[in-house]
Amino acid sequence: MNIFEYHLTEIHNLLEANKKTLNLDKIDNFKNVNLEVPPEKFNFDLSCNVAMVLGKLNKTSPNKLAEKFKNLFLKEIENFSEIEIAGPGFLNIKLSKKALIHNINSILKDNKSYGSNNSNDTYNIEFVSANPTGPMHVGHCRGAIYGDVLSNLLKFNGNKVTKEYYINDYGEQIKNFVKSVFFRIKEIKYKSKFPNQENLYPGLYVKDIALKIIESNKNQDFDDFEKNFDFLKTKALDESMDLIKNDLKKLGISHDNFFSETQIVNNDLVNKAVEKLKNKNFVEEGFLQPPKGEANTNWKKTKRLIFKSTLFGDDTDRALQKNDGTWTYFANDVAYHMDKVSRKYKNLVNVLGSDHIGYIKRITAAVSALSENKIKLNCKVCQLVKLFKSGEPFKMSKRAGDFISVQDLLNQVDKDPIRFMMLNRSNDVELDFDFDKVKEKTKDNPVFYVQYAYARINSIFRTLDLNFIKNSELEENKFYLNSIEEKIVRKVFEWPKIIDSTSRKFDLHKIPFYLYELSTLFHAYWSKGNEDKDYKFIENNKIKRKEAFIIINLVGIVIRNGMQILGVSLPDKM
């Protein structure tokens, strides 16, 4: 249950019914009215700005309205037991014991789905899409985890999600990769020296790929590159994609669909996409201005097909053809997104690397044009990750070549701290990943601290020989929460609000941050029991108060649901 939505609806309906009595000309749709958790110093469960919003809308004093609302709410809403007016007109609200018990029981009953808002929408989330020219590097890792966790979150929230990988297996870079594999084969079979040529891939992993191709094709004659190109391309890309899929698997990630750029070319999708845009008058033949900052002497004025992306908010129109008349990379991408649009998803999401920021407006414009503004493309950029060990920048391995591979990362720490910490800051800011910090067993290591809270909860269950409970059967006249328990319950009630906000805005860092805050409250609860016998919740291997056992359950439920979304394990013992 999302108590914020429930009680906000309760307030809205009550004010609508009493509009005349309250002398309110306008209620509107409550767009700017919020129900939040008040600052801790106020010791209340909810805080509402309704008097301030409606005061401004109706040109009347917020404090006077707040006084009227306070009296009306206490009279008509049995879930509210106490209300205080704070500051310029905030209403701080304390829930009744009956409301607390009802909310707690709802959480315990539907514990596995607690937090879900049951959105029931459809999403295609494209993420990673690393060039299939070798194993994944750290630059891909953050976006891979972001895309996977976003998929988990949206699924938890009741949506249908397709996780998609776009394989860039066409063009000059692929030819250079295949050529690199060919030269490694020549090096192994014929003792030829690997050439020092620009654009080749020198990493030793290419040699591994070459060895596998040789071993499984012992009768193949590899002497001529052009003759073997198609064969080598297929084999090399298969081996390279296996490397990538293996890296993803180690990170706990799998995709539902792999879409090949070669498929776009073979199925003539670019011509079909361009024809579709032509029919809508969104493509014209013409000339583009020289790129900003480029000398006019280097710019060749060539007539070409141009997508009128400025009609959809882009800064400039975009070329669909190169100087030689062949399709641009952007044209292929337009064709790919036409295919995605044709699959009838309501929402498209692209998770991009930091080097693709300038690409967002043009592809967003293309989706708008192709879908007649019916489908929204949401592009999320994941900024760079900087790795540190022993206070120094972490160095790349020789096997990868000129980048730090995901395998380098996994050789230092397992997937749990990687997944948690890659989301511990907003995706649009750079992230420092410190190997030493994520190995610490202290409060300064967030993933350890959350896992430790859950392990402590399980130790309580083992001591009591009990499992999670589904029904509290609390009695209102005996119900009591101490000050720490009140804070924990308020934090637990906030969980659906975190899920709702994160699902709408895709700001995934809120989840690990929230879980850390909840775990901190639980550890404080545990420590208080060791310091003060009045706060001790187990005595002689028995629970002292049923409320305490319920609090432990609530924390365990939320940590479990949250860590499942993050794809991070929860050990029973630590």
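Biologist: I'm looking at helix α6, so what covers its buried residues?

Modeller: Among the parts that cover the buried residues of α6 are α7, which is residues 204-216, and α8, which is residues 225-250. Please keep in mind that this is a predicted model.

Biologist: And which residues of α6 are buried?

Modeller: The buried ones are I174, N176, F177, V178, S180, V181, F182, F183, R184, I185 and K186. F182 and F183, both of them buried, will come up again when we talk about rings.

Biologist: How far apart are the ends of α6, and what span should I expect?

Modeller: The helix runs over residues 172-190, and at 1.5 Å a residue these 19 residues should span 27 Å, so the 26 Å between the end C-alpha atoms agrees with that expectation.

Biologist: Switching to pockets, how much space is in the largest one?

Modeller: The largest pocket holds about 910 Å³ of space, and 42 residues line it, with S129, A130, N131, H140 and H356 lying nearest its centre. The elements that give two or more residues to this lining are α5 (138-156), α11 (329-342) and β11 (347-353).

Biologist: Which element gives the largest share of that lining, and how do the residues divide by class?

Modeller: The largest share comes from α5, with 5 residues, while the lining as a whole divides into 19 nonpolar, 18 polar and 5 charged residues.

Biologist: What about the second largest pocket, and where does α6 come in?

Modeller: The second largest pocket contains about 550 Å³ of space. It is lined by 21 residues, and those closest to its centre are Y170, G171, K322, W327 and N332. Two or more lining residues come from each of α6, α8, α9 (261-266), α10 (269-279) and α11. Of these, α6 gives the most to the lining, with 4 residues.

Biologist: How many nonpolar, polar and charged residues are in that lining?

Modeller: The lining of the second largest pocket has 9 nonpolar, 6 polar and 6 charged residues.

Biologist: Now the rings: how many aromatic pairs are there in the whole structure?

Modeller: A search of the whole structure finds 26 aromatic pairs. One of them joins Y166 and Y336, and because their ring centres are 4.2 Å apart and their planes meet at 15°, the pair is stacked.

Biologist: Where do those two sit?

Modeller: Y166 lies in strand β6, residues 160-167, and Y336 lies in helix α11, so the pair ties together parts that are 170 residues apart in sequence.

Biologist: Are they buried or exposed?

Modeller: Y166 has a relative accessibility of 1%, so it counts as buried, and Y336, at 0%, counts as buried too.

Biologist: Back to F182 and F183, what kind of pair do they form?

Modeller: F182 and F183 form a tilted aromatic pair, with 5.7 Å from centre to centre and 55° between the planes. Elsewhere, F282, F307, F312, Y329, F330 and Y359 form one aromatic cluster.

Biologist: Last one, what does the chain look like overall?

Modeller: The protein chain has 20 helices and 17 strands, and buried residues make up 53% of its 574 residues. Its C-alpha atoms fill a box of roughly 85 × 60 × 40 Å, taken along the principal axes.

Methods
Residues are numbered from 1 along each chain as its sequence is written. This is a predicted model: local features need pLDDT of at least 70, side-chain atom pairs count only at pLDDT 80 or more; totals for chains, interfaces and linings use all residues. Side-chain values use heavy atoms; hydrogens and water are left out. The expected span of a helix is 1.5 Å times one less than its number of residues. Buried means under 20% relative accessible area, exposed over 50%, partly exposed in between (1.4 Å probe, protein chains only). Contact means heavy atoms within 4.5 Å. On a 1 Å grid over the protein atoms alone, a cavity is a set of points where a 1.4 Å probe fits but cannot get out, and a pocket is an open set with protein on both sides within 12 Å along at least five of seven lines; lining residues have an atom within 4 Å of a point. Grid points are joined across faces, edges and corners, and a volume is the space filled by probe spheres set on the points. Ala, Val, Leu, Ile, Met, Phe, Trp, Tyr, Cys and Pro count as nonpolar, Asp, Glu, Lys and Arg as charged, and the others, Gly among them, as polar. Rings of Phe, Tyr and Trp (its six-membered ring) pair if their centres lie within 6.5 Å; planes under 30 degrees apart count as stacked, over 60 as edge-to-face and the rest as tilted.
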